[in-house]
Structures are given as structure tokens and as C-alpha cells.
Amino acid sequence: MLRMARTVGCIIGYAALVSTQLPKLKEKKNQIDDIRSQDEMTFLYAQRWSQKILKSAGVKVHLSGRTEPLDDPVLYVSNHEGNFDIPVLINQLPQPFGFISKKEVEKIPFLKPWMEELNCIYLDRSNRRASLQMIKDGIKKLKEKHSLLIFPQGSRSKGQEMQEFKAGSLKLAKSAQVKIVPIAIYGTSQIMEKYQSRKMVPGDVYVHILDPIDPSIFEDKTMQEVSHFVQNQISLSVQSLKEKSNE
């Protein structure tokens, strides 16, 4: 019963946040010309939402690694473990970002307006042409100075072995000439997916931000080689986080 109450509380809290704060956000953004400042303002509102979600669910996040923001836009690349990856990363990463989301999310009325403000991009996995368009849209966002987050696994691992990264997604960084910032996350699947339920269980989540990778890496390595390199870095970090959680 307590877990169900947490779930309902999160949903109600998010709906209230959208209905009351989005108009205020748009009004304030219209008074700012600088793109980074606009993104930071939007991100502040999103972080308030994520903080409410994590607090309601009883989630404690442990952050490590390079926590300073970078001056330029970046492509965050993270493993994808569970539904709580997004609220955790919004809450913890040092600079604003939009993210690549599955097309189905666009159909959620109260969520879509916030996704647009965050510069998110939708991906229809069943449509190859739409996937190519997503790459183009992502490159455009990065060149417009908006950071992005991608999950190259495609789908959640739900606490199981990490799936192979899709190398094509890193074309965003290569074409836009931005740094890749690998992210390792561990523990989110134990909040929901472990119990095969929509209910949420309190727990600890670990996030490690690795050092940025300069886009010049593509001069010496193929897309596939860079993908394997990034995945290996994240995989090793996830294993370290897992060991840390058992201490």
C-alpha cells in the first residue's frame, strides 16, 4: 500500500508541476536571449520535478566522477538500466540536456510540452527513415548549442547484462563535433523493474560521470571502434558501482 501511495504521489505531483509552472517558464524564457541560459532555466524546473519524484520514491543518489559543467554542448552517453534513469540523470548531471525518447512518449499529453521545452527528440524504432531523421535533428540540436543524452543500448537492461551499443547513435557527436561524456548508472532497475511492477521500491542509485572524449577520436577510430571504446568504459564503471553498492 505504501509503495502504491508513492507511485500515485509522483504522478499527481508531476501533473501539478506541469499545469502550474510551464506557463511561468515560457514567460521567463521569452525575456532571455542566450540559449544556454534558457536551457538552464528550463532544466531548473525539470530538476525540481525530478527531486520530487526521487524523494517520493525514496531514492538516494550517489554521484561521483567529473561533476563540473562544460562550457560547450556535449553528447551524454549512458547505459540504460531502468525507468528511473531519466529523473536520476536530470537531477544529477551538471548541465542542461534534452534526450532521445521513444515515439510512444509523445502521446502522453501532460509530458509532451515539457519534452519540447527540454529540446528532446523522438525516435520511432520501427521506421528506418524516422531513425535517420532523428540523427539529423540531434545534430541540429547540438549545433544550436543544446546538449543531448542518448542511451545507445536502445532498451532498458532491467538489471541484466548491458546490451551492445548501437554505433550509429554516436554519429551525433562526430557530425556536430562535440565531446562525448560517458555516464555509468547502477541501481535504477531495483526501484521498479526488479519486481516486475509499476510500484516503486526505495533504494540507492549510483551515477559516475567519466571524463569527456574529444571528437578528434573519430579521426583515428571508426564509429564502431569508438562505440566499443565508450561501452567498455561505461561497463567497467558500472561494475565498479555495483561493487561499491555491496560494500
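Biologist: In what kind of crossing does helix 2 pass helix 3?

Modeller: First, the ground rules. This is a predicted model, where local features need pLDDT of at least 70, side-chain atom pairs count only at pLDDT 80 or more, and totals for chains, interfaces and linings use all residues. Residues are numbered from 1 along each chain as its sequence is written, and side-chain values use heavy atoms, with hydrogens and water left out. Helices (H or I, at least four residues) and strands (E, at least two) are DSSP runs, numbered from the N terminus. A crossing is left-handed if the near helix is turned anticlockwise from the far one by less than a right angle, and right-handed if clockwise. Here helix 2 passes helix 3 in a left-handed crossing.

Biologist: At what angle do helix 2 and helix 3 pack?

Modeller: Two packed helices are described by the angle between their axes and the distance between the axes. Axes are lines fitted to C-alpha atoms, for helices over the stretch in contact, and angles run from 0 to 180 degrees between N-to-C directions. Helix 2 (residues 35-57) meets helix 3 (residues 85-92) at about 125°, with the axes 8 Å apart. That makes helix 2 oblique to helix 3. Angles under 35 degrees are roughly parallel, over 145 roughly antiparallel, 65 to 115 roughly perpendicular, and the rest oblique.

Biologist: Which residues make the contact?

Modeller: Contact means heavy atoms within 4.5 Å. Helix 2 brings F43, A46, Q47, W49, S50, Q51, I53 and L54, and helix 3 brings P87, V88, I90 and N91.

Biologist: Is helix 3 buried or exposed?

Modeller: Buried means under 20% relative accessible area, exposed over 50%, partly exposed in between (1.4 Å probe, protein chains only). Helix 3 is mostly covered, with 8 of its 8 residues buried. Among them are D85 and Q92. Across the protein, 49% of the 247 residues count as buried.

Biologist: Which residues is G98 in contact with, beyond four places in sequence?

Modeller: G98 lies in strand 3 (residues 98-102). Leaving aside neighbours within four places, G98 touches L118, N119, C120, S147, L148 and L149. G98 is buried, at a relative accessible area of 1%.

Biologist: What is the mean pLDDT of the protein?

Modeller: pLDDT is the predictor's confidence in each residue, from 0 to 100. The mean is 85, and 86% of residues reach 70 or more. Over residues 1-8 the pLDDT is below 50. Where pLDDT is low, the predicted coordinates should not be read in detail.
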